[in-house]
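Here is a short tour to read alongside your own view of the protein. Have the sequence and the structure open, and take each section in turn.

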Amino acid sequence: MNYCPCCGHALSDKFLFGRVRRKCTNCGFVFFRDPKVAAGVLAEQDGKVLLVKRLYEPHQGEWALPAGFVEIDEGPIAAALRELTEETGLIGRVTGIVGTYHIRSDPRGSIVTILYHAQIVGGELKAGDDAAEVRLFAPAEVPQNLAFASTRRALWRWARTKKTGT
Ligand SMILES: [Zn+2]
């Protein structure tokens, strides 16, 4: 970043709060580079997990949990449920947390993803925004071509829990 988003003045490098950051010498604005926040759901119905086949890059054609970036005016739970509805047509209710995941390999930058357990409470299954296809998978049917490390880790644990019943 070269110009201040607050006043338009040029930014310069300063050592601040432990590392070099871009600072505006006119208004004092400091540019903190930080991860984007994404949220999604591991939603189950009849012992099967809901996955979305991605319509767009990155990872086009691969399967992922319904998820997306948190908008500036919503919290992560609202974002996760909104993405569920936009991508699958289903309405969910968050019942717990699966985990938080730091994704470094995404071409869009460093991402912190928060995944929630969700229960389907309504709606009609139908591929929506960003989705080529939506489907429910039993633990043994989970596809190999999974899009993100967060999806892989969450689904491995889910499938293992289903098999052992713990
Ligand atoms: Zn400024």
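## Starting at K162

Is K162 buried, exposed or partly exposed? This is a predicted model, and in it K162 counts as partly exposed because 17 other C-beta atoms lie within 10 Å, while a buried residue would need 20 or more and an exposed one 12 or fewer.

K162 sits in helix α2, which covers residues 149-164. Setting aside residues up to four places away in sequence, K162 touches G47 and P139. P139 is 23 residues from K162 in sequence, yet their C-alpha atoms are 6.9 Å apart in space.

## The largest nonpolar core

Now turn to the largest nonpolar core, which has 30 residues. The members that touch the most other members are V41, L42, A64, L65, A80 and L115. At least two core residues come from each of β4 (36-45), β5 (48-54), β6 (63-64), α1 (76-88), β8 (90-103), β9 (111-123) and α2. Strand β4 gives the most, with 5 residues. As a general background, nonpolar side chains tend to be buried together in soluble globular proteins.

Beyond its neighbours within four places in sequence, A80 is in contact with A39, G40, V41, A67, V94 and Y116.

## Two domains

Zooming out, the domain assignment of the protein gives domain 1 as residues 1-33 and domain 2 as residues 36-164. The C-alpha centres of domain 1 and domain 2 are 36 Å apart.

Definitions and conventions
Residues numbered from 1 in each chain as written. Predicted model: local features only at pLDDT ≥ 70, side-chain atom pairs only at ≥ 80, totals over all residues. Helix = DSSP H or I, 4+ residues; strand = E, 2+ residues; numbered from the N terminus. Contact = placed C-beta atoms within 7 Å. Core = buried A, V, L, I, M, F, W, Y, C linked by C-beta atoms within 7 Å. Domains from an automatic or database assignment.
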